[in-house]
Amino acid sequence: MNYPIWQLDAFGGGLLIAIIAIIHVYISHFAVGGGLFLVLTEMKGLREGSAEILAYTKRHTKFFLLLTMVLGGMTGVGIWFTIALISPAATSSLIHIFVFAWAIEWVFFLAEIIALLFYYYTFGRLSPRKHLILGWIYFGCAWASLFFINGIIDFMLTPGEWLNNNNFWSGFFNPTFWPALFFRTFMAVMIAGLFGFLTSVNIKEATLRHKMVRYCGLWLLTPVILLLASALWYKAALPPAQQEMIFTRLPGMQPFLTLFIWLTPLITAGGLAMAVLRPQAIRRPLTWLLLLLGFLYLGSFEFIREKGRKPYIIHDYMYSTSIRTTELGQIQETGVLASARWVKNKTITPENRMAAGRELFNLLCLPCHSDGGPLNDILPLARRFSPAGMRSFLASMGTANPYMPPFAGNEEELGVLADYLTTRLVPGIADSPVHISKEIIVPPPFDRETAGYLLLASTDRGMILSSEPEQSGIDFSFGPPTLRAQVIQRGETPAVLSEDIEVSYRIDNDHGPLLGNMVATDNTFEATLSKIPAVSQDFRPYLLAEIEAVQGGRVIAATRLKIGISTEIGCRNCHGGPWGQQGRTGLSRQTAANILAVHDQRSKTRLGDDLAAGRIVVCRDCHADHSRGAAGQADRLNLSAAMHGFHAAYLYKNSNSCTFCHAGSDHGTTGSPEDLHTRLGLACSDCHGSLADHAISLLKEEQEAKKPGSNKLLTLLADHGTLPVESIKGRVPWTMEPDCLTCHVGFQPPETATAFNSWTADKKGLFAHRFGDEGVLLCASCHGAQHTLYPADNAHSTEAGNLQPLQYQNSPYPIGADRGCAVCHTVAMDEELHHPGSLGTFRNRLE
Amino acid sequence: MNPAHLIPTPDLLPVPWGWFQLLLSTTFLLHLLVMNIMLGWAIIAFCNHAFKDSIPEDNQLISRKLPFTIAFAVNFGVAPLLFLQVLYGHFMYTSSVLMAVFWLSIVGLLILAYYATYIYNLQFSRLSGLHTLISSIIALFLLIITFFFTNNMSLMIHPESWVRYFDQPDGMMLNLGDPTLLPRYLHSVLASVAVGGLALGLYHDWRKRRGSATAAANIPSAMNWFSYATIANFGIGTWYYGTLPAAIRTVTGASGAFLLGFLLLGITAVIMALIYGLQHRVRYAAGAVLGAIICMVTVRELVRRQTLAPWFSTSELEVVPQYSPLIAFLLIFAAGLSLIWWMIRLVLPNDKEVRS
């Protein structure tokens, strides 16, 4: 906020630092370990009276001097220059907090240079004792430089008590100071061995060459155990937050951890091979290979340490955006643009939205991301998001995405930045509104005068979510629907028949008809489909089932039922990828692959490999799916809790959080929800709670079952629900759902419009399974399935949602509405048999 | 846009600013001396190769010592850069970002120049016709680096020129519009040639006093470099002074008196140094030059303070005292200097050892 941003584009994202720092760090560790190598090798030469070893030591010193003083020294200055350009605020903090540590390091740097020059230029001119003293002074000063730099570097990762007392010494001797010092010292000794190979392998005389190569091998191999021990000490000294960030939370860290772990035995084996194998044809390339591996070894460690600080540049003190933790709240209130010094657009207007977005991008994204570069490129990330998805992602930074700093701006800036990232920086995947052409569906004929039977059909789910596993490769679909039918023999006292009657269904779709008979159970015929039938390519969010009741070989009644199928799933809003079909619906394989990549990274799974191998990843194999009674694994969150619990942390702020993932957005392919309640102005959250409340209710049940992960997700949501977490009742999905009678007390018009937190006790209480007061007719037989209650208003067809009312009553209202008892009873009735109020005039008329 | 709004908020100091000013001025003086020798020698070596028929003895000497001068110029540059950042970091980080590409290129140029000095040194006898090329690369790179440094020191004290960042945020901004930039740069370069020549003269004088028969013959040419560069620098210096804002040239009060006093003292010392130089009285000239440089470093600091006066004063910096790190530094600094002195004593030829 304080300094201008160097707009590096492709060279951003830490590329400059990575290049300069890793070269410097490698050479500067050599400058420390190599100093010890020089004196001990000279001592070896003196002890053995070997002029050849002394000559080798001098040659190695020349190489050492040219490498460490020139490239090592200058890249050290280079790091300083670079960090001051990339993160001036953090550099300023480090300079001011530790100015005298830097100054002390400079004193040792000066003494180091003088000692090394004297050491090299007095070979053979000073007595051995004096010459060795110079060597020891050099090593002592070089190690002291490491000592002081180490304090500052580790302060950035673990500032420890300094955060509370601002005391120089607390910051310097921070929690990881000692393990890091030992780790780096042992690393320096190993690197001395690696560079020793480089000169010793070129000794002309074979015996001496072999002897010195083996000697260098000792330098490489001896400290390995100590290095590993200090690495473990280092890890143990890390505070929990840094440990978690490095070892579990940070995306992309695993390859570096793996690299570091695997390089240890690899370098050890290389060192042994150097000691054993004599042919120069092997040793020479192996020397270079080992040097490269050493470079990667130290590089991976430094990368882990640097990334482990995220989202800070100085842990718990300054975010990577150079905003101090203490300033964040004020900036979020005031706004980034108003707070930052180096911006042109202090306020946002319709005209400058994108220019302001660019400035927000400069301030908040460029400190870590490159724009099209090889490191931390923001472009592929931005391409994954729709503007709304990006808004959710930005809002989740610092919580669900703990490796990124909290978004520092206000709500308006969040929207502007999201729009800039997803519409200007990259072409974006935002969808334009869909024009839906309505189809006309003619209900089957019904002659009120002559018909003897009525066939009422429904499904247990009004809208069935399908991830179309065969196409997408991932299966988190709801359980297939159960079709239900009730055959009513018309008469003054109608009978609901179930004997001597066969009821069959036929669902036509692109893959051929799906046929079957329904099984009679008491008053109802039922058939649970083996799978969710595929919707047609000529997309409509439903299929039509033709249902017939046959008695004695004669069709006595027939009707048509809409089975709502939702394939418009918004995963791509955040996970990217195209739509699966028709350009506007369906989960594509690419989106599925992106989803699984996140899952693999976060949960240490290999599901992406399964997908790539052509196998369908079935979520319920691990996560219990109560919509179909799949048990999953006992120690995993159930599918509903996992899905909503995880995503709520990102989407809780989103005003359209339900239709962000589920079908039903106003401009989507499926169209607005067709349910009566939607038309009356109710939102999903009125019954199910806000996304955070909804997720909390699911997670609390899992928490009570002590499921791993539930606590963490609940913590993320703790402050984001509309109700206190303690007051939200846990529930089992698909069993404990909002109860209609919470609002419709005694079947009367509602006095409240909030059904959240009052759950059905068991499945019998669910609307889909509930019967009227007479105990015979399913609620859904007269009212339609939940979420598609009559009079429904399906965006694709005026008739589709109301086929049976239209067939039997020529009106879209529930069966028997408006005192239409005659549809079954053939005569008017004056007794409210089915439920109180059933003889009233239907209140909510279509316009 | 008001440039004052662009100036970042400075960080807190652990001890009062005077400590840092003292350390800055002292260490900068050391850096300046070694840097002048480094750059001056690089230019002299190139000119000798380019314009003389035979390779003078001085070039052999320069080839041996030039890598050391870079090592120490950089090392002595680290300390003042550190203390400068403590006092003026909020100005200097900003100017560095504005000219980031040039500023960072210094590192690469320095590495190349440094290795070139080692090639020049270690391969001197084998370079034959390439002496001019190698020495020109060294001189050119060091001249470019000097220009970038001069540019940054100019840009950091001129916040009014910072607003151009909004049209050029890619780190490619230079402060070429500053009328002081070119004379200031040339002033530094000529001073470097003068000090480089003087350093050669001192070396030959030292050898002469230690009995070298050939050393005395080299003194005149070395002192000529010093004298003629100094004469030329009078002209450049006057130009430089003339380009300074009138507000600085006419500043009154204690600041004005100090500025004028040190400037006149410095000019007087330079005139004395020039007289001694023309007489080839090397050590007297060196003494006068040292006095002149101390005065000029002070003037330079006063000009910076005056230029920044509308925006900032170091006395505004907030202090949250912590003296123990300063004490630790001073103790280690003293110990380090003692150690260095002890090492020098250790390696200097000991008469007894030589005889034995």
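Where in chain A is the place of Pro311(A)? Pro311(A) sits in the loop between α13 (280-308) and β1 (312-314) of chain A, with helices (H or I, at least four residues) and strands (E, at least two) taken as DSSP runs and numbered from the N terminus. The peptide bond that joins Lys310(A) to Pro311(A) is cis, with omega about 5 degrees.

This is a predicted model, in which local features need pLDDT of at least 70 and side-chain atom pairs count only at pLDDT 80 or more, while totals for chains, interfaces and linings use all residues. Residues are numbered from 1 along each chain as its sequence is written, and chains are lettered from A and ligands numbered from 1 in the order in which they are written.

Chain A has another cis bond to point out, between Tyr790(A) and Pro791(A), with omega about 0 degrees. Here Pro791(A) falls in the loop between α31 (779-783) and α32 (803-809) of chain A.

Asn376(A) has phi near 45 degrees and belongs to the loop between α16 (353-364) and α17 (379-383) of chain A. With 15 other C-beta atoms within 10 Å, Asn376(A) counts as partly exposed; buried would take 20 or more such atoms and exposed 12 or fewer, with partly exposed in between and C-beta atoms placed from the backbone. Thr826(A), with phi near 65 degrees, lies in the segment after α33 (822-825) of chain A. Thr826(A) is partly exposed as well, having 16 other C-beta atoms within 10 Å.

Turning to chain B, the pattern is α-α-α-α-α-α-α-α-α-α-α along the sequence, that is, 11 helices and zero strands. The radius of gyration of chain B is 22 Å, close to the 21 Å from the globule rule for 356 residues, so chain B is as compact as a globular protein of that length; the radius is taken over C-alpha atoms, and the rule is 2.2 Å times the number of residues to the power 0.38. Of the 356 residues in chain B, 47% are buried.

As for where the chains meet, the contact draws 49 residues from chain A and 52 residues from chain B, two residues being in contact if their C-beta atoms, placed from the backbone, lie within 7 Å. On chain A's side, the elements giving two or more residues are α2 (51-86), α3 (88-97), α4 (99-121) and α5 (128-157). The most comes from α4(A), with 17 residues.
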